[in-house]
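Please read this briefing alongside the sequence and the three-dimensional model shown below. It moves from the chain as a whole to a handful of individual residues.

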Amino acid sequence: MALTGKVTTELGIYTSASKFFNLFAKQLHHVQNVTDRIHEGKMHHGDDWHDTETIKHWTYTIDGKVTTCKESIEVLDEENKSITFNLFEGDVEQHYKILKINLQVIDKENGGAITKWTVEYEKVNESVEPPYGYLDYLTKVTKDVDDHLLKA
């Protein structure tokens, strides 16, 4: 069994790609107010939530368990509406040496958009399962954010 891999999910949303992407790229601190999957997000190091040098501390629920980690933005590509988050320390490091989450949002021709979430990982050992719980978490967050943005 491989220690590294990627798991992906694609979800259709009603919100435009730019509106959905901008919440994560320019208003990340608001995500915790939009979904009950995130219990708390706060600055750990730095002043700007969207700077690649800034480190945030998150508390959220994965597979029914409260989970903590630190996170930084590794890549922010506004032109392609893509952002990659690097998750580390806390509960994450007990299972994964590497855990990166990429979001890409693509407009659909008839309105709305497609969100593509890719979780790249390296497990600490073979007994650790791939991070499928993160796909479930990201699916729920995507639906909550889409619903929120439609009401806004």
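The points that follow describe the overall fold, the surface and core, and then selected residues.

This is a predicted model, in which local features need pLDDT of at least 70 and side-chain atom pairs count only at pLDDT 80 or more, whereas totals for chains, interfaces and linings use all residues. Residues are numbered from 1 along each chain as its sequence is written, and side-chain values use heavy atoms, with hydrogens and water left out.

**Overall fold**

- The protein chain has three helices and seven strands, where helices (H or I, at least four residues) and strands (E, at least two) are DSSP runs numbered from the N terminus.
- Read from the N terminus, the elements of the protein chain follow the order β-α-α-β-β-β-β-β-β-α.
- The protein chain has a radius of gyration of 15 Å, close to the 15 Å that the globule rule gives for 152 residues, so it is as compact as a globular protein of that length; the radius is taken over C-alpha atoms, and the rule is 2.2 Å times the number of residues to the power 0.38.
- Along its principal axes, the C-alpha trace of the protein chain spans about 45 × 35 × 30 Å.
- Of the contacts in the protein chain between residues at least 6 apart in sequence, 51% join residues at least 24 apart, a contact being heavy atoms within 4.5 Å.

**Surface, charge and core**

- The protein chain has an accessible surface of about 8100 Å², of which 45% belongs to carbon and sulfur atoms; such areas come from the Shrake-Rupley method with a 1.4 Å probe, and for residues only the protein chains shown count as cover.
- Of the 152 residues of the protein chain, 43% count as buried, where buried means under 20% relative accessible area, exposed over 50%, and partly exposed in between (1.4 Å probe, protein chains only).
- The 17 positive and 26 negative charges of the protein chain have mean positions that are 4 Å apart; Lys and Arg count as positive and Asp and Glu as negative, while His and the chain ends are not counted, and each charge is placed at NZ of Lys, CZ of Arg, CG of Asp or CD of Glu.
- The largest nonpolar core holds 39 residues, of which Phe24, Tyr60, Leu87 and Tyr134 touch the most other members; a nonpolar core is a set of buried Ala, Val, Leu, Ile, Met, Phe, Trp, Tyr and Cys residues joined through side-chain atoms within 4.5 Å.
- Helix α3 (residues 132-151) gives the most to this core, with seven residues.

**Residues in helix α3**

- Val141 is placed in helix α3 and counts as buried at 3% relative accessibility.
- Apart from its neighbours within four places in sequence, Val141 is in contact with Phe24, Val31, Thr35 and Arg37, and its C-alpha atom is separated by 11 Å from that of Thr115, 26 residues apart along the chain.
- Asp136 also lies in helix α3, but Asp136 is partly exposed, with a relative accessible area of 38%.
- The C-alpha atoms of Asp136 and Thr9 are separated by 9.1 Å, although these residues are 127 residues apart along the chain.

**Residues in strands**

- Thr8 belongs to strand β1 (residues 4-13) and is partly exposed, with a relative accessible area of 40%.
- Once neighbours within four places in sequence are left aside, Thr8 is in contact with Lys116, Trp117, Thr118 and Leu135, whereas Thr8 and Ser127, 119 residues apart in sequence, are 21 Å apart from C-alpha to C-alpha.
- Leu76 is found in strand β4 and counts as partly exposed at 29% relative accessibility; its C-alpha atom is separated by 18 Å from that of Ile114, 38 residues apart along the chain.

**Loop residues with positive phi**

- Lys81, in the loop between β4 (65-77) and β5 (82-88), has a positive phi of about 50° although it is not a glycine.
- Glu89 lies in the loop between β5 and β6 (96-107), and its phi is near 55°, a positive value in a residue other than glycine.
- Glu89 counts as partly exposed, at 34% relative accessibility.
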